Amino acid sequence: MQLRTKGLACGCGRGGKIFKAAFLLLVIGLVYSELMNSDIPRGVANRGKLHIVHGLFVGIAIVGRILQNLGICHQVSFIRWFMACFLNRLNPVPSGLRVKDLKFCDVPVRVYEPTKVCDGLSRGLIYIHGGGWILGSLDSVDEVCRHIAMKSDTTVVSVGYRLAPEHRYPAQLDDCEAAICHFLSVAEAEFSVDSHRVAVGGDSTGANLAAALCQRLAKREDGHLPFPCAQVLIYPALQMADFNLPSYQQNHAVPILFRGRMAFYFLQYLSEDISVCQDVLEGNHVPTELRPCYKAWLSSSNLPPECLARGFSERQSPEYDGNVYHTVKAGLEPEVSPLLAEDAVLKKTPPTFILTCEYDVLRDDGILYRKRLLDLKRDVNWQHVKHGFHGMINFFNQGWLTFPSALWVMDSVVNYVETL
């Protein structure tokens with residue numbers, strides 16, 4: 001990204017120093033204000049480091065917002081640029097691994113192939129990065145994909161799908177579908193991978209795309225390509241019908257994903273109108289006739305008792321607003337909210353690995369999805385990180401940003417992939 005400096009160039013004299021000092025004080029003040037709105041419970045692993053990392057991310061976002069208001073660049077563009085230049089480390093490729101940047105049907109992918117000689121065909125994993133559909137890249141999950149490939153002797157394909165707000169739903173899902181279908185068609189011939197042992201997975205909104213992709217492929221049933229052998233969902237975002245679940249209430253201000261920010265991401269994914277964000281948080285977008293069905297799937301009574309231990313309050317039924325619904329109605333479709341799929345579709349989903357974190361607004365999405373799958377006699381492996389927070393694996397093997405507990409998450413994923 002090329003940042004235009006017009007308006008920031010402030011000379012070398014006293015006026016320039018005053019401008020710089022004022023800008024710095026403004027950023028510090030805004031960061032401090034934002035940090036005061038956060039809440040990191042004592043049970044979170046590495047609380048002190050999370051405070052520091054959250055402050056860094058808030059500072060980046062605030063500088064981006066200032067640059068956008070000055071007409072210099074878009075906030076999202078600045079955040080992407082900063083993360084690419086300063087936060088996404090690319091280490092030398094270790095021995096025993098071959099990494100290639102390719103394109104599958106014009107979709108950028110990065111393929112990680114263990115060079116260890118093995119008998120027969122290997123397994124594969126399509127990995128879809130998170131980032132709220134607007135951030136994230138092949139580089140942002142490079143260490144994650146390397147680790148899975150090396151530790152589990154799996155060929156991993158990371159998908160660089162198009163991002164919002166430049167590209168809206170269903171562009172992201174279409175890219176992921178194109179990438180996996182291409183890989184399945186050439187897996188054996190070009191990568192020595194058994195196409196019947198290819199799983200699809202991801203983290204956060206990447207897990208959303210993985211779950212939606214499995215449902216889309218299950219409904220298609222054209223028989224020309226094998227179906228994914230499993231779905232690997234790491235703290236998945238699975239519905240935008242209810243932002244008042246216990247986990248949303250309990251963890252509404254826990255970094256690095258606030259309650260309001262998750263609604264913002266959904267809206268960025270769907271449309272450019274974020275003025276309805278508060279209405280969506282309140283639930284005004286859900287039609288009255290759909291609420292009984294959603295209630296049956298999203299009820300707090302479907303959660304384990306320990307999920308209610310930190311308290312929550314049942315909300316009164318919000319007033320339905322048809323205008324808000326028509327703005328975001330695609331968000332209630334299963335391709336955006338896989339948790340809201342019909343039983344007939346969920347019965348066709350493959351074996352599932354779900355990892356949730358206690359201090360994450362998305363905790364209950366994953367647990368409720370597990371409940372629906374188990375009720376339909378589907379195979380589910382659930383791992384819960386009691387001291388975990390959203391986005392842990394983004395800090396895996398990232399130098400001073402590394403959270404030691406992220407290794408436990410990665411090893412849980414590796415252990416599951418090894419069973420495929």
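This is a predicted model: local features need pLDDT of at least 70, side-chain atom pairs count only at pLDDT 80 or more; totals for chains, interfaces and linings use all residues.
On the side of α2, the contact is formed by L56, F57, I60, A61, V63, G64, R65, L67 and Q68, and on the side of α3 by Q75, F78, I79, F82 and L87. When the residues of this contact between α2 and α3 are sorted by class, ten are nonpolar, three are polar and one is charged.

One of the residues of α3 in this contact, L87, was examined individually. L87 has a relative accessible area of 9% and is buried, because buried means under 20%. With residues up to four places away in sequence left out, L87 touches L56, F57, I60, F82, Q398 and L401; L56, F57 and I60 are among the residues that α2 brings to its contact with α3. The C-alpha atoms of L87 and P236, which lie 149 residues apart along the chain, are separated by 23 Å.

Just after the helix, D153 takes a positive phi of about 50°.

The packing of two helices is described by the angle between their axes and the distance between the axes. For α4 and α14, the angle is about 45° and the axes are 9 Å apart. That angle makes α4 oblique to α14, and the crossing of these two helices is right-handed. By class, the contact of α4 with α14 comprises seven nonpolar, two polar and two charged residues. The residues concerned are V144, H147, I148, K151 and S152 in α4, which meet L407, M410, D411, V413, V414 and V417 in α14.

The largest nonpolar core contains 131 residues, of which Y127 and M262 touch the most other members. Helix α5 (residues 171-191) supplies the largest share of this core, with ten residues. M262 is also a contact of T205, which touches G130, G131, G132, W133 and M262 when residues up to four places away in sequence are not counted. T205 lies in helix α6 (residues 205-220), and its relative accessible area of 0% places it among buried residues.

Leaving aside neighbours within four places in sequence, G388 is in contact with C357, E358 and Y359. The C-alpha atoms of G388 and G43 are separated by 8.5 Å, although the two residues are 345 residues apart along the chain.

In the loop between β8 and α14, F403 counts as buried at 1% relative accessibility. With neighbours within four places in sequence left aside, F403 is in contact with A45, N46, K49, L50, V53, F389 and F395. F403 and V280, by comparison, are 123 residues apart in sequence and 33 Å apart in space, C-alpha to C-alpha. The other loop position, S38, has its place between α1 (14-36) and α2. S38 is buried, with a relative accessible area of 13%, and it touches H54, A253, P255 and F258, not counting residues up to four places away in sequence.

Technical notes: Residues are numbered from 1 along each chain as its sequence is written. Side-chain values use heavy atoms; hydrogens and water are left out. A nonpolar core is a set of buried Ala, Val, Leu, Ile, Met, Phe, Trp, Tyr and Cys residues joined through side-chain atoms within 4.5 Å. Buried means under 20% relative accessible area, exposed over 50%, partly exposed in between (1.4 Å probe, protein chains only). Helices (H or I, at least four residues) and strands (E, at least two) are DSSP runs, numbered from the N terminus. Contact means heavy atoms within 4.5 Å. Axes are lines fitted to C-alpha atoms, for helices over the stretch in contact, and angles run from 0 to 180 degrees between N-to-C directions. Angles under 35 degrees count as roughly parallel, over 145 as roughly antiparallel, 65 to 115 as roughly perpendicular and the rest as oblique. A crossing is left-handed if the near helix is turned anticlockwise from the far one by less than a right angle, and right-handed if clockwise. Ala, Val, Leu, Ile, Met, Phe, Trp, Tyr, Cys and Pro count as nonpolar, Asp, Glu, Lys and Arg as charged, and the others, Gly among them, as polar.
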